[in-house]
Amino acid sequence: MDSNNWRPNQGNNPTMDTNDWRAQLPPGSRQKIVNKIMDTLKKDNPFSGPDGLQELRQIAIRFEEEIFTTARSQPDYLRKISMKMLTWETKSQNTLANSQVGPSNRPTDQDDVADGAEA
């Protein structure tokens, strides 16, 4: 009996090595991640009613599946999801800040003309 059989097969079957981390994920962890993605999407995207919520859920599921499929390791999987969610949150905050100083708060060409007429 060869005592070296416990080592992963290095180089002969790369798909087996890349899929190994996926099998090691605890049950329910992917669902928890989808739920966190949903929380981020709900904060950042307006939705209406059950249909809108279902659409956001489908977006979260597809996004998680894509990252799960393409990630090379669990840390890579978590990093890619975290970075994307951070990007969404940053864009949302920037959009909110820009909407607070939106067109209604800026002078328009007509305001400039009216100001000139009053002077």
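Predicted model: local features only at pLDDT ≥ 70, side-chain atom pairs only at ≥ 80, totals over all residues.
## Helix packing and aromatic contacts

The structure holds four aromatic pairs.

F63 and W88 form one of the aromatic pairs, with 5.2 Å from centre to centre and 55° between the planes, a tilted arrangement. This angle counts as tilted because stacked planes lie under 30 degrees apart and edge-to-face planes over 60. The pair joins distant parts of the chain, since F63 belongs to helix α3 and W88 to helix α4, 25 residues apart. Both F63 and W88 are buried.

Elsewhere, ring pairs connect W21, F68 and Y77 into a cluster.

| Arginine | Ring | Distance from ring centre |
|---|---|---|
| R22 | F68 | 5.4 Å |
| R30 | F68 | 3.7 Å |

In the case of R22, the charged end sits over the ring; R30 lies over the face of F68. Y77, a member of the ring cluster, touches W21, R30, I33, E64, I67, F68 and A71, leaving aside residues up to four places away in sequence.

Y77 also figures in the largest nonpolar core, which has 17 residues; I37, Y77 and I81 are those with the most contacts inside it. Helices α2, α3 and α4 (74-100) each supply at least two residues of this core. In soluble globular proteins, nonpolar side chains tend to be buried together.

Helix α3 covers residues 49-70, and its 22 residues should span 32 Å at 1.5 Å a residue; the end C-alpha atoms are 32 Å apart, in agreement with that value. Which residues of α3 are buried? They are G52, L56, A60, F63, E64, I67 and F68. These residues lie on the same side of α3, because they cover an arc of only 145° around the axis. An α-helix has 3.6 residues a turn, so residues three or four places apart point the same way. The face of α3 turned away from the buried side carries the exposed residues P50, D51, E55, R62, E66 and T69.

The buried residues of α2 are S29, I33, V34, I37, M38, T40 and L41. Of these, I37 is among the residues with the most contacts inside the largest nonpolar core, while I33 is touched by Y77.

Terms used:
Residues numbered from 1 in each chain as written. Heavy atoms only, no water. Helix = DSSP H or I, 4+ residues; strand = E, 2+ residues; numbered from the N terminus. Expected span 1.5 Å × (residues − 1). Buried < 20%, exposed > 50% of the residue type's maximum accessible area, 1.4 Å probe, protein only. Arc of directions from axis to C-beta. Core = buried A, V, L, I, M, F, W, Y, C linked by side-chain atoms within 4.5 Å. Contact = heavy atoms within 4.5 Å. Phe/Tyr/Trp six-rings, centres within 6.5 Å; stacked < 30°, edge-to-face > 60°. Lys NZ or Arg CZ within 6 Å of the ring centre and 35° of its normal.
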